Structures are given as structure tokens and as C-alpha cells.
Amino acid sequence: MGMSVTISAAAEDDAEHILKLQYLCYQTEAGLYGDYGIEPLTQTLADLSEEISQGHALVARLGDEVVASVRGRVDASGTARIAKLIVHPRMQRHGLGGRLLDAIEARFSGDPHIKRFQLFTGHRSESNLRLYRSRGYVPVSSEQVGPRLTLVTLEKEPVPRTYAASA
């Protein structure tokens, strides 16, 4: 490709690009479950902008193009809830999703109040489940939210930061 992908905090003017990418990326999920009314496909720009302002949002860029994104926020119980990890279909299966997941976890790693990372995905979303398990997430619950969709919640504890002593 000639260009490398960079990951950074999402800027306010990235919201529209993220929403368009989200709409593109969730078509596959919607098809998998036969439900095109899922929240990522019906979310408004105003709702997405508010969601971004209440937590952390990262984007991955290839040049000026937003090709991936992830969001997260910490709730009152100390759970860092990671959501809407999306990667443009042409950029999938190159490790970008894992890089973004690592990057959002790193954003939260300095917060001593965080007790766990949590995310969820659909029960048929094998590539998502495989990615999350490869990063240490384990299923902790599942909830049927529709006739064809069961959400699987996965968690992991944050890895304590260790500092090597200098010799």
C-alpha cells in the first residue's frame, strides 16, 4: 500500500466518518442475524457525537481516510466498556482490530479505578469471538435479545503495569 495505518484519538469532526464506516461495517453483522434494525445501523450522528464525548474514541487512518474505530467508557463500577470495534472490510484480517483493541485498553490502563474490561458481540460472530479470546477475554454471560441474536459478554482483568528496574 505504501502508507501505514496510524491510530489516534478521534477528533470531533471524525464523527461523520465514523458513522459512515459503522454503517458499512455492521451490514455483515445485520445480515448474519437477519436484523437490519440493530442499533449501530440506526444510530444518529448526534447520538454518536454524544457517545464519543462521554468516553474515549480512537480512529485508525490510512492517510486521511478513517478505516477503523473503537469506543469505550468507564462506568461507576470500574468497568471499561469497549464498544463498536469496526474495521473497513478491505482492511480486515490484517491485525488492525487487535491493534485498536490493544490501543483502547492502553487508554484506560492508567486509571487505577478500572477493575475489568468488558465487551460484547453476537453469538454467531466467530471472527469477533476469536479476536477477543486471543486477547484474553472470556465469556461471562449471554443474553438472548431477539429471535436470532444472543449477545455474548466477555471480560478480562487489566494487566497490572510493571516497571523494569534499571541496573
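Me: Where does Leu24 sit?
Reply: In this predicted model, Leu24 belongs to helix H1, which covers residues 15-33.

Me: Is Leu24 buried, exposed or partly exposed?
Reply: Leu24 is partly exposed. Its relative accessible area is 38%, which lies between the 20% limit for buried and the 50% limit for exposed, so the middle class applies.

Me: What does Leu24 touch, leaving out residues up to four places away in sequence?
Reply: Leu24 touches His88 and Pro89.

Me: And how far is Leu24 from Arg133?
Reply: The C-alpha atoms of Leu24 and Arg133 are 25 Å apart in space. Along the sequence, 109 residues separate the two.

Me: Switching to the sheet. How many strands, and in what order?
Reply: There are 7 strands in an open sheet, ordered E1-E2-E3-E4-E5-E7-E6, and the pairing is mixed. The edges are strand E1 (5-9) and strand E6 (138-144), each of which pairs on one side only.

Me: Next pair along: how many bridges between E2 and E3?
Reply: E2 and E3 are joined by 7 bridges and run antiparallel.

Me: What about the turn in the hairpin of E2 and E3?
Reply: That hairpin has 2 residues between the strands, and Gly63 takes a positive phi near 65 degrees.

Me: And on to E3 and E4, how many residues lie between them?
Reply: E3 and E4 form a hairpin with 4 residues between them. Gly78 in that turn has a positive phi of about 85 degrees. The strands pair in the antiparallel sense over 6 bridges, and Ser69 has Ile86 in E4 as its bridge partner.

Me: Why call E3 largely enclosed?
Reply: Because 7 of the 10 residues of E3 are buried, the strand is largely enclosed by the rest of the structure. Buried here means under 20% relative accessible area.

Me: Which helix lies across E3?
Reply: Helix H4 (residues 96-108) does, running at about 35 degrees to E3. H4 also lies across E1, E2, strand E4 (79-87), strand E5 (116-122) and strand E7 (150-156).

Me: Last topic, pockets. What volume does the second largest pocket have?
Reply: The second largest pocket has a volume of about 160 Å³.

Me: Which element gives the most to the lining of the second largest pocket?
Reply: H4 gives the most, with 3 residues. The residues lining this pocket include Glu105, Ala106, Phe108, Phe117, Lys156 and Val159.

Me: And the lining by class?
Reply: The lining of the second largest pocket has 7 nonpolar, 1 polar and 4 charged residues. Among the residues that line this pocket are Ser109, Asp111, Pro112, Ile114, Glu157 and Pro158.

How values were computed
Residues numbered from 1 in each chain as written. Predicted model: local features only at pLDDT ≥ 70, side-chain atom pairs only at ≥ 80, totals over all residues. Heavy atoms only, no water. Pairing = 2+ DSSP bridges. Contact = heavy atoms within 4.5 Å. Axes fitted to C-alpha atoms, helices over the stretch in contact; angles between N-to-C directions. 1 Å grid on protein atoms, 1.4 Å probe; cavity = no way out; pocket = protein on both sides within 12 Å on 5 of 7 lines; lining within 4 Å. Points joined across faces, edges and corners; volume = space filled by probe spheres on them. Nonpolar A, V, L, I, M, F, W, Y, C, P; charged D, E, K, R; others polar. Buried < 20%, exposed > 50% of the residue type's maximum accessible area, 1.4 Å probe, protein only.
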